[in-house]
Amino acid sequence: MKRLLAALGIAGVFWGAQALCLGQLVTVKAEHPSRLVVPNPQIAKVLVSDFENLAADLLWIQSLQHNGDQLIDDEEKRDFRGMYEALDLASDFDPRFHELTTFGSWMLADGKRTPEAIRLLEKGQARYPDLWMYPYQLGFIEFLYAKDYLKAAQHFDQAAALPNCPPSARHMAAGLYAKGNKRDLAVATWQAIYERGDDRVRGIARRALKRLGVAVPE
Amino acid sequence: MTRLWDLARNTFRETIRDRILYVLLVFALLMIASSVVFGTLTIGQDQKIVLDLGLGAIELFGVAIAIFVGTSMIYKEIDKRTVYVVLTKPVPRPIFLIGKFLGLSLTLWVLLGLMGVGYLGLAALKGVFAPALIGAIGLIGLQLMLLVAITVFFSSFTSPILGMILTFSLYLIGHNTEALRVLAQKASPALKAAMEALYYVLPNLSTFDAKNQVVYGEAVPALRWIWAVGYGLAYTVALLATASAIFERREF
């Protein structure tokens, strides 16, 4: 009985000690965030063999988590290196995973990596030229982040000509071709995105509106 | 103390004679060496491949050895009834368990040393040796010790097959516990508290993973090493103490 109680006592103390160490590790890791590490594409393709979809899912989850971690940090500490490589590889594994490319482009552009966001979308567009969502999203990224209004308008035009594209593409193209205040159009666009988007896109829209000086309730 | 050392030494002798160890060791060394061939498949990244594959092979084969040998170690003693010979002598049950744990841990550290020498030698030949690599291997060793403690814990109350499945599951879960914290952020307060508690109870094996940072030459903060070592040792002792409490009440 004495030995049992001693064992239980020691167990209690060390369960507490390990929790304390883990708590400290969480703090240290938060203070020294590491960059997103992506496996070498050639090797990864050989290794995943027939589990490509699963590998794409894992990379996608990893990217989302990394993105979430960066948003918790101060803006100057954020590190989105490796994000494009992860999304690019995941889209190679599962090209039909369109959400990965479209939402991935939001994450990249929001992380001030607009050229990579465009590159990712262009790759998707090259694979699926009949899908409206790629030129449509390219329009948003060119307009809201790259600020290339002519290119953005051309992308929206291109999207509008494709089957099942929402009518907003035509309106966006018209607004961008027209001379006028693009800031107001940007605010209106972000507000529309904020109202219609899911939680993750709403977060991006909220930050963008804040940067444009428009307050949005949390 | 003498009894503990005797038990550890005998377990070390017993496990080191196991042929499966040598098969796994040869495979591990072959895999480390094959990283040179894999490296040639890429352009300009061969050194990274050597480092990645080598560290990966060391961890994977170490885990295989820890699980295969660890889960059957105590069961064999019970099955062959040799446990009675030991426990009828003035050897407390916790000493028996800890002796077994220390013996297998010693075997693993010896094998890790052999694999490490092969790996670091190859890294030196390729001109990519860095002292931090030794630290990364040390952390793998700590992880393996924790895994041995898990196998001892399961061995104290379950069969080898079930122990193997449970240990392997914990190994997989242990490398993904960070997901629990992410999920907890979106959960209801009660579920959040439960998930947080689970996060602190389940082994966090990512703590021992410095592979990526070391390979990319990123600085690993000193505190990270210190707390990881502290965590590994504390968790191991906690598990062994819990296993001792269970084993103390076990009837044969």
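Start with helix 3 and helix 5 of chain B: in this predicted model, their axes come within 10 Å and cross at roughly 165 degrees. Angles over 145 degrees count as roughly antiparallel, so that is what helix 3 of chain B is to helix 5 of chain B. The crossing of helix 3 of chain B past helix 5 of chain B is right-handed.

Next, the residues in that contact. Helix 3 of chain B contributes, among them, B:Gly54, B:Ile58, B:Gly62, B:Ala66 and B:Gly70. From helix 5 of chain B they are met by residues including B:Lys100, B:Leu104, B:Leu108, B:Met115 and B:Gly116. By class, this helix pair's contact has 16 nonpolar, 4 polar and 1 charged residues.

Now the cores. The largest nonpolar core has 71 residues, and B:Ile58, B:Phe101, B:Val148, B:Ala149, B:Val152 and B:Leu240 are those with the most contacts inside it. Elements that each supply at least two residues of this core include helix 1 of chain A, and helix 3, helix 5 and helix 11 of chain B. Helix 6 of chain B gives the most, with 15 residues.

Take B:Val152. Leaving aside neighbours within four places in sequence, B:Val152 is in contact with B:Gly70, B:Ile74, B:Leu97, B:Lys100, B:Phe101, B:Leu240 and B:Ala243. Another core, of 43 residues, lies apart from the largest one; A:Phe103, A:Ala109, A:Ile118 and A:Met172 are among its members.

Last, the interface. Here 24 residues of chain A are in contact with 31 residues of chain B. Which helix of chain A gives the largest share of the side that touches chain B? That is helix 1 of chain A, with 16 residues. By class, that side of chain A has 15 nonpolar, 8 polar and 1 charged residues.

Technical notes. Residues numbered from 1 in each chain as written. Chains lettered and ligands numbered in written order. Predicted model: local features only at pLDDT ≥ 70, side-chain atom pairs only at ≥ 80, totals over all residues. Contact = placed C-beta atoms within 7 Å. Helix = DSSP H or I, 4+ residues; strand = E, 2+ residues; numbered from the N terminus. Nonpolar A, V, L, I, M, F, W, Y, C, P; charged D, E, K, R; others polar. Core = buried A, V, L, I, M, F, W, Y, C linked by C-beta atoms within 7 Å. Buried ≥ 20, exposed ≤ 12 C-beta atoms within 10 Å, placed from the backbone. Axes fitted to C-alpha atoms, helices over the stretch in contact; angles between N-to-C directions. Parallel < 35°, antiparallel > 145°, perpendicular 65-115°, else oblique. Left-handed = near helix turned anticlockwise from the far one by under 90°.
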